[in-house]
Amino acid sequence: MIETRQITKRYGDLVAVDGISFKVESGQVLGFLGPNGAGKSTTMKIVAGFLAPTSGSATVAGFDVETQPLQAKRALGYLPEGAPSYGEMNVREFLNFIADARELRGDARDQRIDDVVGRLHLEAVLEQPIDTLSKGFKRRVGLAGAILHDPKVLILDEPTDGLDPNQKQEVRTLINSMARDKTIIISTHLLEEVHAVCTRAIIIANGRILADATPAELEARSRYHQAVSLTATSVQAAKEALARVADIAAIEVDPQDNRITAFPKPGRSIFVAVGDALKAQGVVVRELALEAGRLDEVFRTITLGAVGPEART
Amino acid sequence: MNGTRTIFKRELRSYFATPVAYVFIVIFLLLSGAFTFYIGDFYERGQADLQPFFNFHPWLYLFLVPAVSMRLWAEERKSGTIELLLTLPVTMWQVVFGKFLAAWTFIAIALVLTFPLWLTVNYLGSPDNGVIFASYLGSLLMAGAFLAIGSCISATTRNQVVAFILTVVICFLLLLAGFPLVLDFFRAFAPQGVVDAIAGLSFLTHFASIGKGVIDLRDLIYFVLMIAVWLYATAVVIDMKKAA
C-alpha cells in the first residue's frame with residue numbers, strides 16, 4: 001500500500017509538486033500520466049525516499065518514508081527514470097550487488113535471481129558489461145533489479161521507455177502478472193499503456209492532480225465517447241442520412257480519409273439510430289464503429305486546462 | 001555493517017573493472033620512483049632510509065588522490081545511479097563509509113606495491129624499519145584525509161572536473177596551513193590564537209612528525225578526526241541535496 005498526504009516539493013520559487021494526496025491499495029496498478037515536467041518523477045522520487053518533501057508525508061507498506069526509511073525501502077522496488085545502473089559491471093554482478101544490498105541469501109537468493117533473469121530474458125547477456133548493452137536490455141536489467149526481492153510495492157518510472165513494441169508488450173505482461181498481490185505505480189507517456197496495464201490513472205499537471213479515475217471513466221469524458229464513426233462510398237449521402245438522426249450533436253468529416261464521425265448529444269446513444277438511418281436511406285457503408293472514447297484527447301483537454309469543474313478532484 | 005561491506009565490495013571491484021585502478025597504480029609507482037631516485041637523491045645521500053621516498057608523498061597525493069575521489073559521488077549523480085543507491089535499504093552512513101573505505105583500500109594497495117623500494121633499502125643497508133613502518137602509516141592516514149575531503153567535495157557537484165579542482169585547492173591549502181603562504185593571509189586580520197590553530201591543521205607538520213618514527217597519539221587523532229569530520233560533512237551534503 002502507498003499513501004501520500006499533501007506532499008509538496010519546492011525548489012526555490014518553483015513548485016514541482018503541489019499538495020498531492022492519493023492512496024493505492026494492493027492489487028491496484030496506478031498509472032501516472034502528465035506532460036513532461038508535471039511532477040510525476042518528483043512525486044515518485046519522494047515516495048521512493050530519494051527526495052525529501054518540503055511538506056507532507058508518504059508511507060510505503062505502512063512505513064513512513066522519512067521516519068522509517070529502511071523498512072519502507074525494504075518493502076519497495078524502485079526503477080528510477082532512465083533505469084540507471086553501473087555500466088562497468090556485468091549483468092550478473094549487478095544483480096548480485098542488488099541481492100547483497102537486499103540481504104537475499106542461500107537458495108532463496110539463487111531462486112530469485114534465476115526468476116528475474118528468466119522473466120526478463122537476460123540469460124544471453126548475463127556476462128556482458130551493462131555499458132555494452134542496448135537500451136532495451138539496460139531497461140530490463142534495471143527492472144530486474146527493481147523486482148529482485150519480490151517487493152510488495154513497486155514504483156516504476158517509465159518502465160517501457162526505449163523498448164521496441166514486442167519488448168513493451170512483454171514488460172506489460174510482466175506487470176500484469178505481478179499486479180495481483182502488489183501495489184504498483186508506473187509513470188508513462190503512452191496512453192495505450194494505461195489501457196494495457198493500469199486499473200486506475202492519475203493525471204498530473206503543474207504538480208497537481210487533475211483527474212483520478214479508471215481508464216474507462218477517463219475515456220467516458222472524451223467527446224468521442226459513444227460517438228459513431230464510419231466510412232461510406234458517398235460522403236454526401238451519408239451526411240444527409242445522419243442529419244435525420246435527432247440525437248446527433250455534430251458531424252465531422254476527416255479531410256484525409258473521408259471518415260465521418262457523428263457525436264451524440266450528452267448522455268444519448270446513437271449507434272442503433274445511425275445504423276437504421278443509413279439503412280433507410282440506402283447508403284452503402286464500408287465500415288461502422290462505436291468509439292469508446294479517446295484517452296489522448298481527454299489527456300489533452302485535461303492537461304491544457306480546458307476542463308469543467310467535474311474533471312477536478 | 002552488512003550494507004557497508006556490500007557497498008565496499010562493489011566500489012572496490014569497480015576500480016579494477018575500469019582503467020582507473022591500473023592508470024593510478026602505474027602512475028603512482030612511476031612518479032614515486034622517479035621522485036625518489038632523481039629528485040630525492042636516494043643513492044647520493046648515502047643513507048639507508050626511505051626519507052626521500054616519503055617526502056614526496058604529500059605532493060603526489062595532492063594530484064592523485066583527488067583524481068580518485070572526484071568520481072565518488074559526482075559520477076553517481078551524473079549517471080543517476082545515486083538514485084538507485086540511496087533507495088536501497090542501506091543507511092547513508094553505510095554508503096558514505098563503504099565508498100570511502102573502498103577508495104582508501106585501493107590507495108593502500110598502491111602504497112603496498114611500493115614494497116620493492118623497502119626491499120632495496122634493506123638490501124643496501126640496515127634502515128630503521130620502525131621509522132619506515134611509521135612513515136607508511138602516516139602516508140596512509142594522510143591519503144585517507146585527502147580522500148575524505150575529496151569525498152565531501154565530490155558530493156557537492158555532478159561535475160567531476162569541478163570536484164577535482166576544488167579538492168586540489170583545499171588539499172593544497174591544508175598541506176601548507178603551517179607555512180607563511182597561508183598564515184600571512186590570516187595574520188592580516190585574525191588573532192594569534194586563530195593563526196596558531198590554522199597552523200596546527202597543517203598536513204605536512206603532522207605527516208613529518210609521524211615520519212620521524214614517533215607515532216604521537218596527537219598526530220593519529222589529527223588524521224582520524226580529519227577523516228571523520230569530512231565524512232560527516234559528506235553525509236550532511238548528501239542529506240542537504242535530498243531536501244534541496
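The model is predicted, so local features need pLDDT of at least 70 and side-chain atom pairs count only at pLDDT 80 or more, whereas totals for chains, interfaces and linings use all residues. Residues are numbered from 1 along each chain as its sequence is written, and chains are lettered from A and ligands numbered from 1 in the order in which they are written.

**Loop residues**
- A:N258 has a positive phi of about 60° although it is not a glycine, and it lies in the loop between β12 (248–253) and β13 (260–264) of chain A; helices (H or I, at least four residues) and strands (E, at least two) are DSSP runs, numbered from the N terminus.
- A:H121, in the loop between α4 and α5 of chain A, also has a positive phi, near 55°.

**Helix α4 of chain A**
- In α4(A), the residues A:R112, A:I113, A:V116 and A:V117 are buried.
- They cover an arc of only 125° around the axis, which puts them on the same side of α4(A); the arc is that of the directions from the helix axis to the C-beta atoms.
- On the other side of α4(A), exposed residues include A:D107, A:Q111 and A:G118.

**Contact between chains**
- In chain A, 21 residues are in contact with 20 residues of chain B, contact meaning that the C-beta atoms of two residues, placed from the backbone, lie within 7 Å.
- α2 (69–75) and α3 of chain A each supply at least two residues of the side that touches chain B.

Definitions and conventions: Buried ≥ 20, exposed ≤ 12 C-beta atoms within 10 Å, placed from the backbone.
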